[in-house]
Amino acid sequence: MTHVRAAKAHPAAEPVTDPSASAPPGADNALAALDYFRAALIAQLTGGISPSALALAMADWLIHLGAAPGKQIGLALQAGNAIQALSAHAAIALAGRPLVCPEAALDRRCATPPWRTEPFQYWQHCFSEARKWWAEATTRVPGVSAHHADVVSFCASQWCDVFAPANFFWSNPEVIERTVTDKGLNLVQGMGHLAEDVRHRLLGLPEPGLERFEVGVNVAVTPGTVVYRNHLIELIQYAPSTPQVRPEPILITPAWIMKYYVLDLSPENSLIRYLVAQGFTVFCISWRNVDARDRDLCLDDYRRLGFMAAMAAVNRCVPGQRVHAVGYCLGGTLLAIAAATMAGDADDRLATISLLAAQTDFTEPGGLGLYIDASEVHMLESVMWAQGYLSAGQMAAAFQSLRPIEDVASRAVQTYFLGQRILPNDLVAWNADSTRMPYRMHAEYLRKLFLNNELAAGRFEVNGRTIALRNIRTPIFALGAVNDHIAPWRSVFKIHYLTDADIRYVLTSGGHNAGVVSEPGHPGRWHRLSAGPKDDLRAGPDEWLAATMQCGGSWWPTWTEWLAHRSGPLRPAPSGVAGRRPDDDPGAPMAAPGSYVMQK
């Protein structure tokens, strides 16, 4: 067990930073404002996508492809081989001989027996050859910048997938078969679903089925009390559910891009409820849904009014104890910044740091990296400059555009052709309950972290002083998810290179959200970890992967065991939660989930 020392006193929330200190270059200049206004108008027509960024990527690819005779010859040879293979396939099919084409397995939707018949198998073969050709044409072109190659390759892949045979009635044998069996009833039901979806979209209503989930009724229902509130956060303390608890509290900092209750969904998959059941005293930040009046909130305001203010409140509620700090996604990045700042100030109130799907190095930012270059950041800054924030719809559009067309089309075929409505689950309902991002904070986040990678490069400043992740000596638990396209697990792994702290790295199945919401008993879940008690090697991610073992089930028990090992002995649980201090908020204490999570 770790030795427990008294936590240092820390002042409550500080006032909001002077807006001029963090303004993007030229944002308050009248001539620069004209440029912002022009870009904001264009963004309304393009959905926030920078046409200049896309044009530059396409031009870079076309110019270098036109100047690469070797690449052109290779593509011509590949096209010739494809034509030869397709001709042989057609000849065998016309002769009535059976053929099993391995290319049909490339589209996971086309692995069922109906797709092994002609002409459906031939169409799938044609699609696979075309997709392979375009993949080769847009990758490994000599001279093209890596970012432009990623953009062009992604666009080509998405465009090809639009024309997959599985997406059309006449070329999908499963749809044809169902239509014959159901005598067209599936299409009638599908048209009804389409009409319902169009009506919901035109009226601005949520997706059908989302009304089944209501915050505070059947999601976000773990008992607790709001013990602190300021302009930016509500802090929820959850009631103990065990006779004994660990002395060190847990403080969770979720991302403010979405509502906090992704970690407190339904009772059976609530991470917060699970932690409470393991004997931990849990606090969680619930972020305010900002509006245009908050346009000048900066990234450091989120550190001070968010994490640091919550730390001070936790210290008052559980005095004399260090804190297990947990950060998820963007909240994990904020936690890393705060922990490095605290280390530089010799503030030792943190017992451990847990970074869940959180990046500290942004050189490999995943799918969002497709949008992040100087042109696109200027476009986003202009949109936020005009309205004071990035809206939930604009943010959702960016994430939706990153979804593979195959996934979107598969759901459309299921709903409109097969007539089967797939009702959303609680995670989908939470994902639709998004929030706004203030102009100044998000502009700083994109420029300082995504574009310039200042945190990993040792150039990030807090209060006029450069902070260093290298100063962190607090034990770190880092979680990556194998299918995470927002914070790729190899990117999360880079925390190993940025600090000398004792790091426990775990890789879990699932993606950015489902990998974290991975309760014990969930079928098909697994996680990987090193055989030793800690990750002592500073090797690459692939070497780490080769040296680890795969364990069946959720990573939650592995994490709570790690936390318990760094906690003091159990002691009797308090009878309730600490009351709110009058100088925090004169209002009466409010039950969880509080009021900020209800803001639209």
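1. Strand β12 is mostly covered in this predicted model, since six of its six residues are buried. Both of its faces are covered: on one side stand I476, A478 and G480, on the other F477, L479 and A481, and all of these are buried. As a reminder for reading such a pattern, side chains in a regular strand alternate between the two faces of the sheet.

2. In general, strands of a sheet pair through backbone hydrogen bonds, either parallel or antiparallel.

3. These strands belong to an open sheet of eleven strands with mixed pairing, whose order is β15-β14-β13-β12-β7-β6-β4-β5-β2-β1-β17. The edges are taken by β15 (548–552) and β17 (590–591), each of which has a single partner strand, so one side of each is left without a neighbour in the sheet.

4. Helix α7 (residues 185–203) deserves a careful look, as its 19 residues reach 27 Å from the first C-alpha to the last, close to the 27 Å expected at 1.5 Å a residue. Which residues of α7 are buried? They are N186, G190, H193, D197 and H200, and because they cover an arc of only 85 degrees around the axis, they lie on the same side of α7. The buried residues of α7 pack against α6 (173–182) and α13 (405–417), whereas the face turned away from the buried side carries the exposed residues V188, L202 and L203. Just after the helix, G204 takes a positive phi of about 70 degrees.

5. The count of aromatic pairs, taking ring centres within 6.5 Å, comes to 24. In one of them, the rings of F169 and F417 have their centres 6.3 Å apart and their planes at 80 degrees, so this pair is edge-to-face. The pair links distant parts of the chain, with F169 in the loop between α5 (146–162) and α6 and F417 in helix α13, 248 residues apart. F169 counts as partly exposed, because its relative accessibility is 32%.

6. Another aromatic pair, formed by Y274 and W556, is tilted, with 5.2 Å from centre to centre and 50 degrees between the planes. Since Y274 lies in helix α8 (residues 271–277) and W556 in helix α20 (residues 556–565), the pair ties together parts that are 282 residues apart in sequence.

7. One aromatic cluster is formed by W115, F120, W123, F168 and W170. Charged side chains also meet rings: the charged end of R436 sits over the ring of Y389, at 5.8 Å from its centre, and K448 lies over the face of F460, at 5.8 Å from the ring centre.

Terms used: Residues numbered from 1 in each chain as written. Heavy atoms only, no water. Helix = DSSP H or I, 4+ residues; strand = E, 2+ residues; numbered from the N terminus. Expected span 1.5 Å × (residues − 1). Buried < 20%, exposed > 50% of the residue type's maximum accessible area, 1.4 Å probe, protein only. Arc of directions from axis to C-beta. Contact = heavy atoms within 4.5 Å. Phe/Tyr/Trp six-rings, centres within 6.5 Å; stacked < 30°, edge-to-face > 60°. Lys NZ or Arg CZ within 6 Å of the ring centre and 35° of its normal. Pairing = 2+ DSSP bridges.
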